[in-house]
Amino acid sequence: MDIIQPAWSNETYGFDIAPFLLVLLPFLLLCILCPIVLLRMSRLRLPRGPPAIPVHHSFCEVSKRYGPLIFLRFGSVPVLVASSPDTARQILQKHDQIFSWIPRTAVSSYLFGGKDILFSQPGPYHKLLRQLAFSQLSGNKRLQSFRPIISSEIRQLLCNVSHTSNNVFVREKLYESTFSIISAMVMGKSTKNINFHSAKGQSLVATLREVVDLVGAFNIGDSIPFLATLDLQGYEQKSKAVSQILEVIFAEVVNERRNDRENMDNKMEDEDFLDALITVSSNQRDVPITDSHLKGIFTDIFVGGIDISTLTIEWALAELLKHPNTLKKVQEELSSVVGSTRLVFDSDVENLPYLRAVVKEAMRLHPVTPLLLPHAAREQCRVYGYDIPSGTLVYINTWAIGRDPTVWENPLEFYPERFLESNVNFRGQHFELLPFGSGRRGCPGLALGISNVYLMLANLLHVFDWVTLGEIDLKEKFSVICTLADPLVAKVKLRVPRYLIEAKTK
Ligand code: HEM
């Protein structure tokens, strides 16, 4: 019997044409769809912007030319960048409901599937998690109960630094300390299994670093959808692998805690964030929280709590080492308020206005998330009379706002004094200073984050004199976060009696 070959079979063409069609068909579809979409968009009144992606210009340079609200495209994805306090206000306050949506990327889908805090869309689940993160980690009562842990970890940090006879690699030391604080707050006694220096701890640290790299990577498939299935850069594969490692690490901790609780007939008090989540997950029926939700939530808290706080302190310290007179002023303030017979306590911070001004100034010039996290337009809306299409990716350029000469006098100068007489704060109501974002997606860990930054920086400056190894280079390295390209290295000399940091260490 004759077999009828389909038109695209090997026999017809002498080679297997199916793979070609697989690539060709989406391409043809795009050729047909693109003009239709562009035609529809051309009827909209869009903000001005460059014709293509500004690969070698920063957004800041582009907005100098096109104004504080620019519109461009990453492949087929429309992008809006706000670079002034007022355009930021429009997005994060006036149209917060529309712009608090989060773009779904391949990496976030494979890592968390929208089950974490950062990549879940606004709704009851996202709200519940934000409330939990806020009340269980950053609320006043919780912060007070965690004070002994935080003080003990800071003392350990100071002791470690003081025993470093050679150069101090500041970022590494800070990372270790904030890791220990956050894991103690999140997992309490279970932390012993994930101690920073243990094999599991090191595996978690390495995996969290990969998460930051993956979330910050530019994945071609997100902008050119027909290339997505090819995973050209391998990010989808990597995300799946990273997700599995996180699942294993966190599942062990969660299961162990569940067993402990069952052994106590679930009559234990909620001691840490993990307890609180397990309690909520067993009571919640409307908004289920499964183990893979827990993995995502923990990852967000670890990354948010460790990396951003660490890098904020490193930037502040680098600016101070570059400006010895400012450093001297902070240390004089510390000596006069704290003296030399004790460490800095949390209660001292309100009496250290110059230190707080230094931190604000560092966050103005070096916001660790310079574009915040990408938001997305849930539906089409009008901003300043322009039509912003549904699905537009939205960035708030807090880096450019912090350096805008129409907003700040001598914006490139590190001058903490500008904040001494000013009521501008970073809590999300003053859109000229947004290191923690604002609105529905603003940082729920603000109180914990800023308290750790103040206390760690204050103690490092109070306990040590810092000696640089040469000219401090403030060159930046950008991804989703902005870091010092050359991590800070310095030498220290004790400026208080040694017994202050050696007493009561773990
Ligand atoms: C100096 C320290 C910190 C800074 C500067 C900071 C900054 C930020 C920023 C800019 C955002 C995004 C806001 C937006 O896109 O609109 C954010 C979100 C977030 N931060 Fe922080 N953060 C810090 C510390 C923390 C800490 C200690 C935690 C953990 C308790 C935390 C947990 C989170 C979470 C879970 C989100 C996602 C919120 C959401 O999408 O609803 N952060 N943070």
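# Reading the ligand site and a few single residues

Q: What lies 2.7 Å from a polar side-chain atom of Arg130?

A: An oxygen atom of the ligand lies 2.7 Å from that polar side-chain atom of Arg130. A pair of N or O atoms within 3.5 Å is read as a polar contact, so this pair is one. Please keep in mind that you are looking at a predicted model.

Q: Which atom of His126 lies 2.7 Å from an oxygen atom of the ligand?

A: For His126 it is a polar side-chain atom. A backbone can take part in such a pair too: a backbone N or O atom of Leu373 lies 3.1 Å from an oxygen atom of the ligand.

Q: How many residues surround the ligand, and which are the closest?

A: Count the residues around the ligand and you get 25. His126, Arg130, Thr369, His375 and Cys443 are the closest.

Q: How many residues of the shell around the ligand are nonpolar, polar and charged?

A: Sorting a shell by class gives a quick picture of the surroundings. Here 13 residues are nonpolar, 10 are polar and 2 are charged.

Q: Where does the ligand sit?

A: The ligand sits in the largest cavity.

Q: Which protein donor does the iron atom of the ligand have?

A: The iron atom has Cys443 as its only protein donor, through SG at 2.3 Å. Cys443 is also among the residues closest to the ligand. On the chain, Cys443 lies in the loop between α17 (398–402) and α18.

Q: Why does Thr310 count as buried?

A: Compare its relative accessibility with the cut-off: under 20% means buried. Thr310 has 1%, so it counts as buried. This residue lies in helix α14, the helix with the largest share of the ligand shell.

Q: How far apart in sequence and in space are Thr310 and Lys173?

A: These are two separate distances to read. Along the sequence, Thr310 and Lys173 are 137 residues apart, while in space their C-alpha atoms are 9.1 Å apart.

Q: Is Ala133 buried or exposed?

A: Ala133 is buried, because its relative accessible area is 4%. You will find Ala133 in helix α7. Ala133 and Leu277 are separated by 144 residues in sequence and by 9.6 Å in space, C-alpha to C-alpha.

Q: What is the phi of Asp231, which is not a glycine?

A: Asp231 has a positive phi of about 45°. To find the residue, go to the loop between α11 (220–223) and α12 (235–263). Its relative accessible area is 13%, so Asp231 is buried.

Q: Where is Tyr384 placed?

A: Look at the loop between β5 (381–383) and β6 (386–388) for Tyr384. This residue is not a glycine either, and its phi is positive, at about 55°. With a relative accessible area of 38%, Tyr384 is partly exposed.

Q: In which loop does Ser390 lie?

A: Ser390 lies in the loop between β6 and β7 (393–396). Ser390 is partly exposed, since its relative accessible area is 45%. From Ser390 to Gln93 there are 297 residues in sequence, and the C-alpha distance in space is 18 Å.

Technical notes: Residues numbered from 1 in each chain as written. Predicted model: local features only at pLDDT ≥ 70, side-chain atom pairs only at ≥ 80, totals over all residues. Heavy atoms only, no water. Near = heavy atom within 4 Å. Polar contact = N/O pair within 3.5 Å; in protein donor to acceptor, adjacent residues only side chain to side chain. 1 Å grid on protein atoms, 1.4 Å probe; cavity = no way out; pocket = protein on both sides within 12 Å on 5 of 7 lines; lining within 4 Å. Sits in = over half its atoms within 2 Å of the grid points. Helix = DSSP H or I, 4+ residues; strand = E, 2+ residues; numbered from the N terminus. Nonpolar A, V, L, I, M, F, W, Y, C, P; charged D, E, K, R; others polar. Donors = N, O, S within 2.8 Å, 3.2 Å for Na, K, Ca; no water. Buried < 20%, exposed > 50% of the residue type's maximum accessible area, 1.4 Å probe, protein only.
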